[in-house]
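Colleague: Could you take a close look at one helix for me and tell me how its neighbours pack on it? I'd like the contacts spelled out.

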Amino acid sequence: MLLDFSASISPLGPPQSIVQGLHDQMGAVLAAYPSPGYGELRASIGQHHGLGAEWVLPGNGAAELLTWAARDLADCRRVYLMDPGFGDYARSLRASGARVESLPLDVELLFDAELFLDAELGWLGDEPRGACEPLNWPALTADDGIVINNPHNPTGYLFSAESLRSLLAQGGLVVVDEAFMDFLPPERQQSVVGWVQAFPNLVVLRSLTKFYSLAGLRLGYALLHPDRAQRWQRWRDPWPVNSLAAIAGQIGLRDKAFQRKTWTWLPEARRTLLSGLQDLPRLDVYPGSANFLLVRSQVSCTQLQTQLLKKYHILIRDCMSFPALGDRFFRVAVRRSEDHQRLLTALGTILAEIQAEQGLAEQGLAEQNLAEQDLAEQDLAEQDIVPKAQAVAGETM
Ligand SMILES: Cc1ncc(COP(=O)(O)O)c(C=O)c1O
């Protein structure tokens, strides 16, 4: 069976509370249309964040809501997009005809020596660090838009909420995708949800598919000004969220025990995966804040990915679709420790084989060089012999 490290879905879910709830209510809800306006779901999401239901718009995953955000962003003079970034931003912005401007994020800076030291000392990357901000925030005019992802996929970098405040104050449309924010315990989150009522130009996107393992069911939501929520609602089909997803969302948000279990599990699981990867030759790991890790490799990641898949049925996420990263980076999800063990053993074996092959190739090259050098010296010696012989002959002539 395929061991999938490419999708960053929690291995702890779906929570038993959701599975049981869906089982109990399935018969009653399948035949009917979802409730118009999703009143109960919106109320429970609002309650979860201390907001009224009118500030909430549920969607068929955060991906659906990106489509509507992009439609608003298309009215902006230009839209700043982090590079590298989640591919669906570009998809939705292209589809709506938005004018995109790249905002390069310095990934190499995240991998600098000082940070490694931190990682080796056991720092988990949960603290925002203004000191090495990998991005120069643009000056936004009221006509501009920007899409921010926090924590950032694929690096796992956590921007401080404070660093985003000045962008909001500048008046442009700011879309903050917090699809992975719920993996941080509340006291460590850097969410801007609390500012939604203060800034009508702020849209926050959240996903329930990763934290609760509901990727197949599809559920996300936007927290945004009620006028914008109503406009998006008028644009889209009346029932984008199916009844089972709506039930799952309400149960999941109430399941505090599952949330606590995830917050206890993740830091330790991520730490062991990080140090296991860091111990392998030719790999560097960025200690991100989310439930995945970005790895920089001196070996081609396409080669690693192919061998892992062929020989061990393990799938890692290559970064070829992020042009800023290419073949020297890959991403892995944090999973259960037995899965980590399988990955680390397989990667260790492949890296050792590659090293041995390269060693042999280098040895072969060295031997070839030596042989060529011998030949050359012999040639030289022979060339030397001829004039000498000639000289001797001449002398004797
Ligand atoms: C950063 C980011 N935002 C949003 C999404 C989409 O989430 P959903 O499954 O809720 O549509 C993903 C999915 O991988 C993602 O990585």
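This is a predicted model: local features need pLDDT of at least 70, side-chain atom pairs count only at pLDDT 80 or more; totals for chains, interfaces and linings use all residues.

Modeller: H9 covers residues 243-254, and its axis comes within 9 Å of that of H2, residues 39-49. The two axes cross at roughly 25°; with angles under 35 degrees counted as roughly parallel, H2 and H9 are therefore roughly parallel to each other. The crossing of H2 over H9 is left-handed. On the H2 side you'll find Glu-40, Leu-41, Ser-44, Ile-45 and His-48, and they meet Ala-246, Gly-249, Gln-250 and Leu-253 of H9. Sorted by class, that contact has four nonpolar residues, four polar ones and one charged.

Now the other partner, H1, which spans residues 16-29. H1 packs with H9 at about 145°, the axes being 9 Å apart, and this crossing is right-handed. H1 brings Ser-17, Ile-18, Gly-21, Leu-22, Gln-25 and Val-29 to the contact, while H9 supplies Ser-243, Leu-244, Ile-247, Ala-248, Ile-251 and Gly-252. There are seven nonpolar and five polar residues in the contact of H1 with H9, and no charged ones.

As for the ligand, the residues around it include Phe-86, Asn-149, Asn-153, Asp-177, Ser-207 and Thr-209. By class, the shell comes out as five nonpolar, six polar and one charged.

Note on methods: Residues are numbered from 1 along each chain as its sequence is written. Axes are lines fitted to C-alpha atoms, for helices over the stretch in contact, and angles run from 0 to 180 degrees between N-to-C directions. Helices (H or I, at least four residues) and strands (E, at least two) are DSSP runs, numbered from the N terminus. Angles under 35 degrees count as roughly parallel, over 145 as roughly antiparallel, 65 to 115 as roughly perpendicular and the rest as oblique. A crossing is left-handed if the near helix is turned anticlockwise from the far one by less than a right angle, and right-handed if clockwise. Two residues are in contact if their C-beta atoms, placed from the backbone, lie within 7 Å. Ala, Val, Leu, Ile, Met, Phe, Trp, Tyr, Cys and Pro count as nonpolar, Asp, Glu, Lys and Arg as charged, and the others, Gly among them, as polar. A residue is near a molecule or strand if its C-beta atom, placed from the backbone, lies within 6 Å of it.
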